[in-house]
Amino acid sequence: MNAVIVDSIIKTYGKEKDLAVSNVSFAVKKGELFGLIGPDGAGKTTLFRILTTLLIPDSGTASVDGFDIVKDFRKIRDRVGYMPGKFSLYQDLTVKENLSFFATVFGTTIKQNYELIKDIYTQIEPFKNRRAGKLSGGMKQKLALCCALIHKPSVLFLDEPTTGVDPVSRKEFWQMLRRLKEQDITIVVSTPYMDEATLCDRIALIQNGRILSVNPPEEIIHSYPDLLYAVKSENIYHLVNCLKDYENTISAYAFGEYVHLAIKSGVSPRHLAMNEKDQKIDDIEQYLLRNGFKNAVVRKTEPTIEDCFIKLLSD
Ligand SMILES: Nc1ncnc2c1ncn2[C@@H]1O[C@H](COP(=O)(O)OP(=O)(O)OP(=O)(O)O)[C@@H](O)[C@H]1O
């Protein structure tokens, strides 16, 4: 059964009718941890605001927990938890006051649903009398999650919950989400961090208001069609340009301290053992040598979600 159904949603802004969400359709299964992955401006927040009944789409339909986002908006508001990217906490209220406030708004008490938030709340309880504005990023995020959960929602929408949070808190946060999922809460979470995509059951890759793919992350990675190499040398900028001109190149782009080079899979096996010497590596090394890169290191690499995203964008 599906907890969220989005069918042909279109949303534009302003007189110019700038397209923010372009004919988007997808469904999220009950109990699923579903990720909306895409860069800034992709349309993630707009979709969240539509699904939490804060915005009305220009056209298309959507339902959450079986209720229509327009006709049944009140029922949806009782059933969803929403952690917006910004401004979800009252900075001048303490940790405890924020939580009590959100509980009261939903006609419940902290005590009534304490079991659900206990794991998370105990981590911020030592600071319960501190004003929210004086908490660290990680602590704010935990409090905001408690506030979004306090009325025991069946579907939880989290808009970029880990943006601006340190790597350790980010990891802890995802562990918390996995535990919530075990309690049968459907979670839709957006993130611009591609590495977080692999922690979801399924992900929708979104760009410019369009969905490029909806699949489990491992399937997206498995269906990557090209051969991918990581190339390292001094002067990444020149290296990228040089590799773009290589005859077999499909794409070449900076990837951390490496350049990722995608080439046509041709006759080489798609999954060469990582330590197996690949004829193509020799060819690339020779090409780079001819072009003045004396110490370039070339190795085969497995695609990440980010590589798949780049591939989908260039198709
Ligand atoms: N209130 C608004 N008025 C006009 N345009 C808007 C408004 N809100 C969003 N947009 C535009 O709609 C597009 C999608 O924005 P949206 O905020 O949904 O994306 P996002 O993926 O959540 O990115 P971000 O993380 O930057 O918020 C962008 O081009 C954005 O500039």
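A residue is called buried if 20 or more other C-beta atoms lie within 10 Å of its own, exposed if 12 or fewer, and partly exposed in between, with C-beta atoms placed from the backbone.

**Figure 1. The whole protein.** By that count, buried residues make up 38% of the 315 residues in this protein. The model is predicted: local features need pLDDT of at least 70, side-chain atom pairs count only at pLDDT 80 or more, and totals for chains, interfaces and linings use all residues. Residues are numbered from 1 along each chain as its sequence is written. The protein has ten helices and 14 strands; these are DSSP runs numbered from the N terminus, helices being H or I of at least four residues and strands E of at least two. The C-alpha trace spans about 70 × 45 × 40 Å along its principal axes.

**Figure 2. Residues around the ligand.** Of the 13 residues around the ligand, those that come nearest are Tyr-13, Ala-20, Lys-44, Thr-45 and Thr-46. A residue is near a molecule if its C-beta atom, placed from the backbone, lies within 6 Å of it. Both β2 (18–29) and α1 (44–51) supply at least two residues of this shell, and α1 gives the largest share, three residues.

**Figure 3. Where the two domains meet.** The domain assignment gives domain 1 (2–217) and domain 2 (224–313); such bounds come from an automatic or database assignment. Eight residues of domain 1 are in contact with six residues of domain 2, contact meaning that C-beta atoms, placed from the backbone, lie within 7 Å. On the side of domain 1 that touches domain 2, β9 (202–207) and β10 (210–215) each supply at least two residues.
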